[in-house]
Amino acid sequence: MRVYRFFKDWSLPITMLTGVLAYMIYVRVPLPAAFRAAVPDVIAVIQPTLIFLMLFISFCKVRVTDLRVKRWHLWLLAFQLFALVILSSLLVFSPSMPHEWSVLVEAAILCLICPTATAAAVITAKLGGSASSLISYTMLVNLAVAVAVPCSLTFIRTAGGGSFMESFMLISGKVFPLLLCPLAFAEILRYMFPCLHALIVERGRNWPFYLWLVALALAIAVTTRAIAHTTLPLSVLLGIAAVSFICCIVQFAVGRYVGARYGEMVTGGQALGQKNTVFAIWLAYTFMTPVTAIAGGFYSLWHNIVNTYQLYRHNHKNNG
């Protein structure tokens, strides 16, 4: 019982440490070159598959009619879009800005405009928040990002920007299949195989959380690799870490503040604070200065530390 309680309280840091150790063991164990070459491709398949399964199980517990846009959703979305406009304008109207500073601004843009993590519904449910409300905001903010980011790139003119429609289709193709397909499958299962659907809802309460732990370990291993192979000066690396930390704390605070005004403090905090850092890393490599991708890795560390603290407090509060 003590072992179970310990793992329940510290599952996130244990998982993150597992990801770091897994990478350290991986680089030190002699493996065939063909195996090492295949690992990135395998991870690229496993990660979206885990996210798909997490969302599918979560959507089984939520009806489409429960997905509604609420007023606090619009306030959080306005905060993210306002941050994008201000920081993009800073890059556009300060062309002589030193490269190190522009990297930090781009890192802040990534952390602030990045959509809500697809796995955020899992933590939100664990913390007693509203999964349906969180999923509604996740879909809304992904749609907004797919439109807003190409618009901002038109003005910033970063490497790989391309046309508006090219950027829109790239982002949409990355985001929407992973959001809409699990929802469609869950609805099909609900109406065509109600017994199986009921079984998943009844028995699968904790499955998304366990799947997310596996996905988190993989994400941390990939982040560790990115940090280990970076050629950035230590000062810039620390600057990106500091920017991502500040963005993380500010967004959790703003989300909880706005959510509390509408009776959804936990959901608001997770909606704005827990980010799809895999998407942020892809966005950086595809459209922005590639080194800013490390901001996504650092943000993943910070928001999972926040989640660890929240889960620890929640578990101890409920268990006395």
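This is a short tour of a predicted model, stop by stop, for use in a viewer.

Residues are numbered from 1 along each chain as its sequence is written. Because the model is predicted, local features need pLDDT of at least 70 and side-chain atom pairs count only at pLDDT 80 or more, while totals for chains, interfaces and linings use all residues; side-chain values use heavy atoms, without hydrogens and water.

**Helix α2**

Select residues 33-60, which form helix α2 (helices are DSSP runs of H or I, at least four residues, and strands runs of E, at least two, numbered from the N terminus). Its 28 residues reach 41 Å from first C-alpha to last, close to the 40 Å expected at 1.5 Å a residue (the expected span is 1.5 Å times one less than the number of residues). Go to valine 39, where α2 bends by about 30 degrees (the angle between axes fitted to the seven residues ending there and the seven starting there). Proline 40 follows within four residues. Buried residues of α2 include Val39, Gln47, Leu50 and Ile51 (buried means under 20% relative accessible area, exposed over 50%, partly exposed in between, with a 1.4 Å probe and protein chains only).

**The largest pocket**

Next, show the largest pocket, with a volume of about 1,100 Å³. A pocket, on a 1 Å grid over the protein atoms alone, is an open set of points where a 1.4 Å probe fits, with protein on both sides within 12 Å along at least five of seven lines; lining residues have an atom within 4 Å of a point. The volume is the space filled by probe spheres set on the points, which are joined across faces, edges and corners. Of its 41 lining residues, Pro40, Ile43, Ala44, Gln47 and Val222 are closest to the centre. α2 gives the most to this lining, eleven residues.

**The second largest pocket**

Now move to the second largest pocket, which holds about 330 Å³. Ten residues line the second largest pocket, and Arg256, Val266, Gln310, Arg313 and His314 lie nearest its centre. α11 and α13 each give two or more residues to this lining, and α13 has the largest share, six.

**Two single residues**

Select asparagine 276, in the loop between α11 (265-273) and α12 (277-287). Asparagine 276 counts as buried because its relative accessibility is 15%. Its contacts (heavy atoms within 4.5 Å), not counting residues up to four places away in sequence, are Cys114, Pro115, Thr116, Ala117 and Thr118.

Finish at isoleucine 86 in helix α3 (residues 71-92). Isoleucine 86 has 45% relative accessibility and therefore counts as partly exposed.
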